[in-house]
Amino acid sequence: MTTSKTGSLLTTHVLNTADGVPGARMALSLHRLDPQMALWNLVSKGTTDEDGQCSDLISRDEFTAGMYKLRFETRQYWESLCQSSFYPYIEIVFTITDLDQTFHLPLLLSRYSYSTYKGI
Amino acid sequence: MSIRLQHIKDHILAANQCAEMSSPPYSPLTTHVLNTGRGIPAASMVISLHLRNHTAASWTLLRTGATNDDGRCPGLITREAFVPGVYKMRFETGRYWEALGETCFYPYVEIVFTITDAAQKFHVPLLLSRFSYSTYRGS
């Protein structure tokens, strides 16, 4: 089980379960929903490192209760490996209510399947 | 024909009609939602199917429905309507868990997938708990 890096409020870890390697250099972005405007606002963009991890997606000041979306550019990732994928992108939408917690949202991914869970 | 034989014949015809009515409509795209937190099918979950509109960069709603007691939603799309493109299946997971008196980390789940060969069958299940989910491409 992957866990977040110390001190990071919201982290992710992408694992390429088809090849048994970290999902390195995958572009991703974090968005927060503006409920009044019914629009997604971009919070940050990032890219997973060689270990498939991406932290520092949001600062303590920005981290407010609400609905968030983590978007992973999976088509681009698989294209860089000269492969196609069933999923052009993956968006994981989640609700943050308790700001005292840290949130680790991994993505375990193959070309034809994926899973995610809430970790710490 | 005697009255008794006629009654038997009528009974058999009625049973055949019931069998035809209970056969689920064919769909080249299917789903199955499983509540892995409780080990049961996820019944009565509202789902919707959308097709990406390339020119407008928006989504066209194709079908809404709810899973049956087995967690399935027959008749999502007809063979004729199933064309190559980018589809989105949306599952109202927050509402589902709320109906069970619980919260869910995921207010909804959207699975976006690309269909290039619409002649195949595609099964897009969702295995869901309050704090995790998974999906895969089946047939």
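Predicted model: local features only at pLDDT ≥ 70, side-chain atom pairs only at ≥ 80, totals over all residues.
Mentor: Residues are numbered from 1 along each chain as its sequence is written, chains are lettered from A and ligands numbered from 1 in the order in which they are written, and side-chain values use heavy atoms, with hydrogens and water left out.

Trainee: Why is Thr12(A) called buried?

Mentor: Buried means under 20% relative accessible area, exposed over 50%, and partly exposed in between, with a 1.4 Å probe and protein chains only. Thr12(A) has a relative accessible area of 0%, and is therefore buried. This residue is found in strand β1 of chain A, residues 10-16, where strands (E, at least two residues) and helices (H or I, at least four) are DSSP runs numbered from the N terminus.

Trainee: What makes the approach of Leu105(A) to the side chain of Thr12(A) a polar contact?

Mentor: A polar contact is a pair of N or O atoms within 3.5 Å; within protein, one must be able to donate a hydrogen and the other to accept it, and residues adjacent in sequence count only if both atoms are side-chain atoms. The backbone oxygen of Leu105(A) lies 2.5 Å from a polar atom of the Thr12(A) side chain. Contact as such means heavy atoms within 4.5 Å, and, neighbours within four places in sequence aside, the residues in contact with Thr12(A) include Leu28(A), Cys54(A), Phe72(A) and Leu107(A).

Trainee: Why are Asp19(A) and Cys82(A) put in the classes they have?

Mentor: Asp19(A), in the loop between β1 and β2 of chain A, has 44% relative accessibility and so counts as partly exposed. Cys82(A), which is found in the loop between α1 (74-80) and β7 of chain A, has 74% relative accessibility and therefore counts as exposed.

Trainee: How do you know how much area chain A and chain B bury between them?

Mentor: Buried area is the accessible area (1.4 Å probe) that two parts lose on being put together, summed over both. Here that comes to about 1,800 Å², 62% of it on carbon and sulfur atoms. Phe86(A), Tyr89(A) and Tyr114(A) supply 33% of the area that chain A buries against chain B, more than any other three residues. The contact takes 21 residues from chain A and 22 residues from chain B.

Trainee: How many salt bridges does the rule find across this interface?

Mentor: A salt bridge is a side-chain nitrogen of Lys or Arg within 4 Å of a carboxyl oxygen of Asp or Glu, and across the interface of chain A and chain B the rule finds zero. It does find six residue pairs in polar contact, both residues at pLDDT 80 or more.

Trainee: What makes a set of residues a nonpolar core?

Mentor: The set consists of buried Ala, Val, Leu, Ile, Met, Phe, Trp, Tyr and Cys residues joined through side-chain atoms within 4.5 Å. The largest such core has 56 residues, and those with the most contacts inside it are Phe94(A), Leu29(B) and Phe113(B).
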